[in-house]
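Hello,

Here is the structure I promised to pass on. Have a look at it first, and my notes on charges and pockets follow below.

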Amino acid sequence: MQLSIERADFTAPDLSAFLQAHLDDLAPTAPAESRHALDLGGLQTPDVRLWVASVGGQIVGTGALANLEPGHEELKSMRTDPERRGQGIATRILDHLVQNARGRHIHRISLETGSMGFFAPARALYAKAGFVPCAPFGSYTEDPNSVFMTKTL
């Protein structure tokens, strides 16, 4: 599989649909106030960098980093096409994001993900990559629907 990971082109016609599918997948998992995924507009702000993984020109995954404070960023919008899960795409995206952060002298990446079974594979991916549980960060507060994790680079 020839996977490429590039910064997002927000004019790409299939990007909006891929990101909306992410939001649609998350909708039934928790109440609205416990869902923290960014929509297309939120991903286009100056403090967020979105990458797209593709195979043969088809989007198969996304991942983003958002500034929290100097030296600390949040992992956002991690998604793999459901038909491509289990092929190592998420691992490759996550590795790419961590390397990018290191290259910019970021010293910590944190994330929020769901506590439900739907998110168990994501939590396992993050733990395997060295993320550990942490307290809520940034503007987050304790929420039984959320798990917070962090990694020191």
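**What I found**

Arginine 104 is partly exposed, with a relative accessible area of 28% (buried is under 20%, exposed over 50% and partly exposed in between, using a 1.4 Å probe and protein chains only). Please keep in mind that this is a predicted model, where local features need pLDDT of at least 70 and side-chain atom pairs count only at pLDDT 80 or more, while totals for chains, interfaces and linings use all residues. Residues are numbered from 1 along each chain as its sequence is written, and side-chain values use heavy atoms, without hydrogens and water.

Arginine 104 has a salt bridge to glutamate 73, with the closest N and O atoms 2.8 Å apart (the rule is a side-chain nitrogen of Lys or Arg within 4 Å of a carboxyl oxygen of Asp or Glu). This pair links distant parts of the chain, 31 residues apart: arginine 104 sits in the loop between helix 3 (89-103) and strand 5 (108-114), and glutamate 73 in strand 4. Helices (H or I, at least four residues) and strands (E, at least two) are DSSP runs numbered from the N terminus. Glutamate 73 itself is buried, at a relative accessible area of 0%.

Glutamate 73 also forms a salt bridge with arginine 49 (3.3 Å, N to O). Three salt bridges are counted in total, and the remaining pair is lysine 76 with glutamate 74, at 3.6 Å from N to O. Shared partners join Arg49, Glu73 and Arg104 into one network.

Which buried residue has no salt bridge? That is aspartate 81, whose nearest side chain of opposite charge, arginine 84, is 5.6 Å away (Lys and Arg count as positive, Asp and Glu as negative; His and the chain ends are not counted). Aspartate 81 lies in the loop between strand 4 and helix 3.

Finally, the largest pocket is lined by 35 residues, with Met78, Arg79, Phe119, Ala122 and Tyr126 nearest its centre. A pocket is an open set of points on a 1 Å grid over the protein atoms alone, where a 1.4 Å probe fits, with protein on both sides within 12 Å along at least five of seven lines; lining residues have an atom within 4 Å of a point. Strand 4 gives the most to this lining, with six residues.

Best wishes
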